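Good morning, and thank you for coming. Please keep the sequence and the structure in view while I speak.

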Amino acid sequence: MTWLANFTMLSQGWRRFVLLFVAGAVAGLSVPPFFILPALFIAMPIWVWALDGAERRRGWRRLFGPAFTIGFAFGWGYFLVAFHWLGAAFFVDGGWVLAAMPPAIAALAAMIALFWGLASALAHLTWSHGAARIFALTGWLTVAEFARGHVLTGFPFDLLGYSLTGTDEMMQLASVIGVYGLTFLAPLLAMTPALVWPADDRPLSRRLAPFFLALAVIAAQLGYGWNRLAGITATERQDITLRLVQPLVYEHADFGNVDAAALIDRLLMLSDMRMNPNDQGLADITHLVWPESSVPFFLSTYPDALARIARMLPEQTVLLAGVPRQPYSLEVGTKREPPYNAVIAVNTDGEVIASYDKAHLVPFGEFLPFADLLKQIGITQFVPGADGWSHGDAKRRLMSVPNTPAMLVLICYEIIFSGDLGDVQGAQFLLNVTNDAWFDGSIGPAQHAHHARLRAVEEGMSLLRAANTGLTFATDPLGRITAELVPGQMGALDVRPHQKLATTVFAQVRHWPLLIAVLASLLIGFVGARLGRRRLPQ
């Protein structure tokens with residue numbers, strides 16, 4: 001490995017850029033559902049060695065010089081691998097749109113890589129040649145990951161911490177430090193080979209000590225997870241039974257051209273189906289769940305829909321359905337606001353008794369940033385609806401339905417925002433309705449589903465997930481899948497949520513330990529740089 005360290009430190013220009021880009025792509029193999037953790041240990045030291053050999057500049061180029069380019073190249077490679085599945089959405093329309101896919105995905109990855117470029121540049125300002133330097137880079141990289149999860153509504157897919165969640169046992173540490181805490185831990189551990197090589201006059205045993213310490217931390221993580229899984233008993237609730245429908249509705253791609261009657265026929269058939277000789281259909285079901293976009297039309301355009309739903313529902317059953325919802329306008333002549341991406345609760349009388357409107361919309365997917373400007377050059381959002389979608393109120397995610405434990409409803413990718421789900425204290429379980437059909441055939445649905453499972457671990461609550469084409473499943477409060485449907489098949493799944501656990505450490509303290517760890521790591525980096533300068537010959 002000494003040769004690789006020396007080669008990296010001596011590389012410059014386009015050769016260094018390509019090397020860091022490839023290293024970042026290798027690191028991208030650590031994300032769900034690949035979970036090739038050794039790839040991170042191979043790639044991360046290359047970033048450190050590149051900064052070891054990076055030229056120092058003056059003025060503004062200290063921040064946007066070689067160190068910035070190193071982090072940007074690494075991040076660009078990482079995010080191209082991690083986010084390549086977003087290109088599957090372009091195949092929905094096909095045709096000339098496919099030509100825009102490569103530059104669009106490359107541009108998105110490059111924009112997000114700017115966060116890593118800036119982290120790299122800031123770390124290099126306090127760079128040293130000891131262990132302190134990996135603390136500096138880890139601290140700023142964690143800040144960058146937290147920022148990209150929050151700036152401009154945030155896009156926290158594939159945080160580095162997900163690389164440390166490949167098994168049920170490894171996931172359990174998220175109940176203490178959350179995925180952002182794991183995002184601090186992952187690069188810190190993966191950079192330790194940079195303290196082993198290049199070889200110097202220290203004994204090999206001393207040089208290997210940080211690397212073995214990193215392996216010991218991972219072993220301790222597994223041990224903690226095994227102990228938590230063995231020591232906690234998850235108990236199913238007996239007061240509620242949900243039927244999660246997986247309807248395979250592809251009409252969402254053509255919002256204005258839907259055979260409403262035929263689609264309702266399919267949904268009603270799946271909802272009341274008997275899956276075995278002892279199945280009573282909806283007779284034993286308290287809540288029927290249709291996923292996001294399962295009804296891709298306004299109910300007002302098919303008035304008989306609610307009547308047909310009411311006739312199907314037994315007296316004790318409530319339907320929770322993912323539908324577009326038109327905002328109410330009381331003033332004549334006022335401009336109608338864009339619709340909401342919503343979940344509504346319908347009772348046996350066909351009345352809408354509760355609703356939640358999606359608050360965290362997908363940029364370029366459900367709303368268009370700088371819409372007036374971009375529409376002039378022909379750019380629109382991917383999800384149908386010419387005027388985009390309106391933002392709902394995140395405070396209303398806690399849906400209260402009569403005779404029902406309070407549930408936290410999260411639509412699609414709202415589930416990926418760690419520590420920002422809403423009123424989790426008042427909720428008894430998480431309900432996630434989603435439509436990942438845009439990305440069928442890619443790793444996207446599996447990646448999204450894994451992100452969702454980690455929220456169950458963080459919050460200590462069951463997750464019930466109804467997906468249009470898959471993955472539809474239920475987990476216990478430890479994130480373990482207890483029941484699931486085969487992706488890509490029509491069907492229904494009857495599940496019961498588990499009792500909520502006592503409040504997890506993460507639910508109590510949120511990101512405060514992360515803040516302390518980041519500040520400590522930046523301080524270590526700063527002190528290391530100061531001490532290093534003092535040791536230089538005068």
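Helices and strands here are DSSP runs numbered from the N terminus, a helix being type H or I with at least four residues and a strand being type E with at least two. Touching, or contact, means heavy atoms within 4.5 Å.

Before I continue, a word on the source. This is a predicted model, in which local features need pLDDT of at least 70 and side-chain atom pairs count only at pLDDT 80 or more, while totals for chains, interfaces and linings use all residues. Residues are numbered from 1 along each chain as its sequence is written, and side-chain values use heavy atoms, with hydrogens and water left out.

Let us turn to the sheet itself. In what order do the 6 strands of the open sheet stand? The order is β5-β4-β3-β2-β1-β12, with mixed pairing. Two strands are said to pair if DSSP finds at least two bridges between them. At the edges we find β5 (352–357) and β12 (491–495); each has a single partner strand, so one side of each is left without a neighbour in the sheet. From one strand to the next, the twist averages 25 degrees.

At one of them, β4 (residues 340–346) pairs with β5 in the antiparallel sense over 5 bridges, and Val346 stands opposite Val352 in β5. At the other, β1 and β12 are also antiparallel, over 5 bridges, with Arg243 opposite Asp494 in β12. Of the 5 residues in β12, 4 are buried, so this strand is mostly covered. Buried means under 20% relative accessible area, exposed means over 50%, and partly exposed lies in between, with a 1.4 Å probe and protein chains only.

My next topic is a pair of helices. Helix α7 (residues 132–148) packs against helix α9 (residues 174–190) at an angle of about 145 degrees, and their axes are 9 Å apart. From α7, the contact is made by Ile134, Phe135, Thr138, Leu141, Thr142, Glu145 and Phe146, and from α9 by Tyr180, Thr183, Phe184, Pro187 and Leu188.

Helix α6 (residues 97–125) holds Ile112. This residue counts as buried, at 8% relative accessibility. Leaving aside residues up to four places away in sequence, Ile112 touches Phe79, Phe83, Arg148 and Phe155. Ala100 also lies in α6, but counts as partly exposed, at 29% relative accessibility.

Finally, I ask you to look at several loops. The peptide bond from Trp197 to Pro198 is cis, with omega near 0 degrees, and Pro198 is in the loop between α9 and α10 (204–231). The bond from Gly470 to Leu471 is cis too, with omega near 10 degrees; Leu471 belongs to the loop between β9 (462–467) and β10 (473–475).

Which residues other than glycine have a positive phi? Asp158 is one of them, with phi near 55 degrees, and Asn403 is another, with phi near 60 degrees. Asp158 sits in the loop between α7 and α8 (168–171) and is buried, at 0% relative accessible area. Asn403 sits in the loop between β6 (398–399) and β7 (407–411) and is exposed, at 79%.

Asn435, between β8 (429–434) and α14 (444–459), is buried, with a relative accessible area of 3%. A polar atom of the Asn435 side chain lies 3.2 Å from the backbone nitrogen of Ala437. Thank you for your attention.

Methods: Axes are lines fitted to C-alpha atoms, for helices over the stretch in contact, and angles run from 0 to 180 degrees between N-to-C directions. A polar contact is a pair of N or O atoms within 3.5 Å; within protein, one must be able to donate a hydrogen and the other to accept it, and residues adjacent in sequence count only if both atoms are side-chain atoms.
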